Amino acid sequence: MEASTVKIVWAVGTALLFYTTALLLLSPVQAALVGVVTLLVVLWTNEGLPLGVVSLLPIVLFPALHILPTKATTVNYAHPIIYLFLGGFMLAIAVEKSGLHIWIARKMLGIFPATGRGIIISLALTSGVMSSILSNTTTALLLMTIALFLSDDPRLKMRFTLAIAYGASIGGILTPIGTPPNLILLGVMEEHGMAMIPFVQWMWMVAPLALVMVIIISLVLALGIRDVRLELPEVEKPLTPEQKKVLALLGGLVVLLLVNAPIRPWWEGLGMSEPVILLSAGLLLFAPPFNLLVWQEDKAKIPYRIMFLFGAGFAIAKAFSETGLAGRVAEYLVDYSYLAPLYLMLIVAALITFTTEITSNTALISIMLPVIYAVTQQTGLDATLFMMVATICSSYAFMLPIATPPNAIAMSSGVIPIRTMALYGLLFNLVGIILIVLIAYLFWRPVLGVVG
């Protein structure tokens, strides 16, 4: 029997086992959703079928199993964030095509040691800082081309790419505007009349967590390659006209994204859609005065499979909501509300972190924050503390490409086996859960004035 056949049989068998078990606790439709998600996760992980093929399976399976109608499923494959990806990929192609990434890489190597560990730390730090003010998706897209250029060694490419992806997720928590779940938390707090967390206070509360996580992932990714040296030509050539055009477009894009971002209560932003901004920048590359991309030549470089992957993630999130499975998960959470706050916090952190692996963190946190708020009101726990733990955990999912946009972008590079991402990700998930809970319990509680 061929290896791919064995992998598919294994995936179907595992899905049927989870479906049968879920029938004991859930409705038939909810159990079917559990089975389909299990099938998708196993096939994504063991690569029994191509990534893009697996990502399109919800369009077939959801209607067939009465989980979601066809239209309600397919609409998720045209989600606005997918067009943000499309624009970002176009920019990344232009950076590589013009050779601008070589110039940027030289500048970076001039600041940090040109060793495996030095570059990993520099990529993770750069990605983390950028994603605190830009979206983690945009950051990962802009930096990924540089990571792939720095070395021809597949080992180094893989680790550099993961450093950018994980750094973007880690740094996205540094400011309230760094990632959508942070903004959703502030929206829920405002809706319930809770005291808002000031911008500066948010930053110094989460900075220790982000710094420690960046150090840990950098040291782990550098194991075995820390002393490997990278060499780039030292001759500094002037920028070509094409490189200057791309650099000018990127500079204008960063400025527009910064001005567009709200910094409440001081600045409401421009209110422009970030996907529209990114897609517009990408499309400009085909038109005068840029004329850098040619559709017939460059369309094949766009990783459509990653766009399908996120369509699958949004479809799963929709199914969790429509079938009521998200509500059932919340009910089980209430059953543990008798536990000590530290243990309940640990359960919330683990639940959010690992659930985010199979669905959109934005969709998940939209569903779970109102639930967590209700649980804290019933039990007398501090709502701000528990909701903040959940929000940060939704960004700290490192195992699967579907978990966060940076993970998906890293997978689009083609240098990371899903199994490798899953193994590193599992370790960093566990480290993240422990660190978030410890920092929340020992540091955030006194800062927020939580007693008991």
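This is a predicted model: local features need pLDDT of at least 70, side-chain atom pairs count only at pLDDT 80 or more; totals for chains, interfaces and linings use all residues.
In the pair formed by α1 and α2, the axes come within 8 Å and cross at roughly 155°. Since angles over 145 degrees count as roughly antiparallel, α1 is therefore roughly antiparallel to α2. The crossing of α1 past α2 is right-handed. On the side of α1, the contact is made by Lys7, Ile8, Trp10, Ala11, Val12, Thr14, Ala15, Phe18, Tyr19 and Ala22. On the side of α2, Pro28, Ala31, Ala32, Val34, Gly35, Thr38, Leu39, Val42, Leu43 and Asn46 take part. Sorted by class, the residues in the contact of α1 with α2 comprise 15 nonpolar, four polar and one charged.

The second pair consists of α7, which spans residues 116-131, and α8, which spans residues 136-149. These helices pack at an angle of about 150°, and their axes are 9 Å apart. Helices α7 and α8 are therefore roughly antiparallel to each other, and their crossing is right-handed. From α7, the residues Leu123, Thr126, Ser127, Met130 and Ser131 meet Asn136, Thr139, Leu142, Leu143 and Ala147 of α8. The contact of α7 with α8 contains five nonpolar and five polar residues, with no charged residues.

The largest pocket holds about 900 Å³ of space. Its lining is made up of 28 residues, and Phe18, Val34, Thr38, Phe320 and Ile358 are those nearest the centre of the pocket. Among these, Phe18 of α1 and Val34 and Thr38 of α2 also take part in the contact between those two helices. At least two lining residues of the largest pocket come from each of α1 (3-22), α2 (28-46), α16 (325-335) and α17 (341-356). Helix α2 gives the most to this lining, supplying eight residues. By class, the lining of the largest pocket is divided into 20 nonpolar, six polar and two charged residues.

Four cavities of 30 Å³ or more were found in a search of the whole structure. The largest cavity contains about 50 Å³ of space. Phe320, Ala326, Val329, Leu351, Ile352, Thr355, Leu364 and Met368 form its lining. Phe320 is also one of the residues that lie nearest the centre of the largest pocket. Helices α16, α17 and α18 (361-379) each supply at least two residues of the lining of the largest cavity, and the largest share, three residues, comes from α17. This lining has seven nonpolar residues, one polar residue and no charged residues.

In the second largest cavity there is about 40 Å³ of space. The residues that line this cavity are Leu333, Leu344, Val348, Ile372, Val375, Thr376 and Phe386. At least two of the lining residues come from each of α17 and α18. The largest share of the lining of the second largest cavity is that of α18, with three residues. The class division for the second largest cavity is six nonpolar, one polar and no charged.

Two features of the backbone were noted in loops. Most residues other than glycine have a negative phi, and most peptide bonds are trans. The bond between proline 288 and proline 289, however, is a cis peptide bond, with omega at about 5°. Proline 289 is located in the loop between α13 (274-284) and α14 (295-298). Histidine 66 has a phi near 60°, a positive value in a residue other than glycine. The position of histidine 66 is in the loop between α3 (51-64) and α4 (70-74).

Leucine 57 was considered separately. This residue is found in helix α3. When its neighbours within four places in sequence are left aside, leucine 57 is in contact with Leu40 and Leu43. Leu43 is also one of the residues through which α2 contacts α1. Between leucine 57 and serine 412, which are 355 residues apart along the chain, the separation of the C-alpha atoms is 19 Å.

Notes: Residues are numbered from 1 along each chain as its sequence is written. Side-chain values use heavy atoms; hydrogens and water are left out. Axes are lines fitted to C-alpha atoms, for helices over the stretch in contact, and angles run from 0 to 180 degrees between N-to-C directions. Helices (H or I, at least four residues) and strands (E, at least two) are DSSP runs, numbered from the N terminus. Angles under 35 degrees count as roughly parallel, over 145 as roughly antiparallel, 65 to 115 as roughly perpendicular and the rest as oblique. A crossing is left-handed if the near helix is turned anticlockwise from the far one by less than a right angle, and right-handed if clockwise. Contact means heavy atoms within 4.5 Å. Ala, Val, Leu, Ile, Met, Phe, Trp, Tyr, Cys and Pro count as nonpolar, Asp, Glu, Lys and Arg as charged, and the others, Gly among them, as polar. On a 1 Å grid over the protein atoms alone, a cavity is a set of points where a 1.4 Å probe fits but cannot get out, and a pocket is an open set with protein on both sides within 12 Å along at least five of seven lines; lining residues have an atom within 4 Å of a point. Grid points are joined across faces, edges and corners, and a volume is the space filled by probe spheres set on the points.
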